[in-house]
Amino acid sequence: MQEITEKVINTNINMDIDTSIEKKQADDPNKYYSGAACLKIVLDYEGFNTYTQDQLHNYAVARNELTDQNACIDPKGMQLAMNNFEIDGDYNYGWEKYTSLETMYDRICYWMAYDVPGVAPRPQKMPAMIPLNGNYMDWVVVNGYSTDEDPYTSTNYTINGFWITDPEVTGIGKNIYITAEELGTYYKKIVSDDSFNGYYAAVMEPPMVEPAEVKIAKAAAYPGFKGDEKSIKAAAIAGLNNLLKNKQLKSAYQGCKPGKPICAAKGKDNYFIVPFTKNNGCSVAVIIDGKTGAFRQASYNDVPDKQYLGKFGTGKKSKNTCKLKNSFVPN
């Protein structure tokens, strides 16, 4: 994770984290392995290990708060698995729950800005893990953030967005920057029979101080947006220009050319995906709002994804329906 060097809008923090792991396909179709995949990503970042997703999943679900929900891993199971399999005993993961999205965002940013003592030369800054869509089937790793002040020392600041890894996706759609406002459409309060019902949940380092007062940055319309190809591409490029402090995205973007925008939808939400291509593949993709041109998300892949564009219809009347959890991936 890069250190904060200046306190300005769009200070981007991102880990040099290995996100190559993919969610294991469970032998039982009623089991969900996104939680185990996230555990594996974070444990691999701590240091070398030989743990398998089966091993992590089976240990965690056996320690869920409600054992009859053992198809998925709940926050308690995630926390106990992390602390059982951790590579260094000085790491200390805990679950947290809040009814305020702003408070939960602050806790995630605060913890990732915190240096875990006693673990060097292992990583001192560690990611968080959150469940999306109000259930435990869709865990993702949060491995970075963008704020206008240092969240570890500030008591009042604005959160612009987050860097996340979706282990259920390969190529474009796996490594994502998403605005804090947009993430709120996926990150919802848990609906369950356990004690997390009605709360936003996360697994991360326990807070050390009272939460700060934070604001979620609002989407800004792209000036003069007309909805034509020229303005769609311009809006996407403008959004990317604010993210180029991220070394991985900058490297993926270098040498790319913007391709024809893809018209997409998720329910009643209409938006455009702008692919940026090189070497016959898509290295970066950007999502902008279909009405205002406001930047919403960006995804990158270290190696050009040569299969990505073939997943979409490209006719004049094509409107591609994308998954609830991941707006880069068509159904």
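A cavity is a set of points on a 1 Å grid over the protein atoms alone where a 1.4 Å probe fits but cannot get out, and its lining residues have an atom within 4 Å of a point. The structure is a predicted model, in which local features need pLDDT of at least 70, side-chain atom pairs count only at pLDDT 80 or more, and totals for chains, interfaces and linings use all residues. Residues are numbered from 1 along each chain as its sequence is written, and side-chain values use heavy atoms, with hydrogens and water left out.

**Exercise 1. Describe the largest cavity and its lining.**

Step 1. One cavity of 30 Å³ or more is counted.

Step 2. The space in the largest cavity is about 60 Å³; a volume is the space filled by probe spheres set on the points, which are joined across faces, edges and corners.

Step 3. Its lining includes Leu132, Val140, Ile164, Asp166, Tyr186 and Lys325.

Step 4. Seven lining residues of the largest cavity are nonpolar, three polar and two charged. Here Ala, Val, Leu, Ile, Met, Phe, Trp, Tyr, Cys and Pro count as nonpolar, Asp, Glu, Lys and Arg as charged, and the others, Gly among them, as polar.

**Exercise 2. Describe the largest pocket and say which elements supply its lining.**

Step 1. A pocket is an open set of points with protein on both sides within 12 Å along at least five of seven lines. The largest pocket has a volume of about 500 Å³.

Step 2. It is lined by 24 residues, and those closest to its centre are Thr179, Lys218, Ala219, Ala220 and Phe295.

Step 3. At least two lining residues come from each of strand 6 (175–179), helix 5 (180–183), helix 6 (229–241) and strand 13 (295–305). Helices (H or I, at least four residues) and strands (E, at least two) are DSSP runs, numbered from the N terminus.

Step 4. Helix 6 gives the most, with three residues.

Step 5. By class, the lining of the largest pocket has 13 nonpolar, six polar and five charged residues.

**Exercise 3. How do helix 2 and helix 3 pack?**

Step 1. Two packed helices are described by the angle between their axes and the distance between the axes. Axes are lines fitted to C-alpha atoms, for helices over the stretch in contact, and angles run from 0 to 180 degrees between N-to-C directions.

Step 2. The axes of helix 2 and helix 3 (residues 75–85) cross at roughly 125 degrees and come within 8 Å.

Step 3. Angles under 35 degrees count as roughly parallel, over 145 as roughly antiparallel, 65 to 115 as roughly perpendicular and the rest as oblique. Helix 2 and helix 3 are therefore oblique to each other.

Step 4. Contact means heavy atoms within 4.5 Å. Gln55, Leu56, Tyr59 and Ala60 of helix 2 meet Gly77, Leu80, Ala81, Asn84 and Phe85 of helix 3.

Step 5. Six residues of this contact are nonpolar, three polar and none charged.

**Exercise 4. How do helix 1 and helix 3 pack?**

Step 1. The axes of helix 1 and helix 3 come within 11 Å, crossing at roughly 30 degrees.

Step 2. These two helices are therefore roughly parallel to each other.

Step 3. Among the residues of helix 1 in this contact are Cys38, Leu39 and Val42; helix 3 brings Met78, Ala81, Met82 and Phe85.

**Exercise 5. Where are Pro121 and Asn133?**

Step 1. Pro121 is in the loop between helix 4 (101–113) and strand 3 (128–131). A cis peptide bond, with omega about 10 degrees, joins Ala120 and Pro121.

Step 2. Asn133 lies in the loop between strand 3 and strand 4 (139–147). Although Asn133 is not a glycine, its phi is positive, about 65 degrees.
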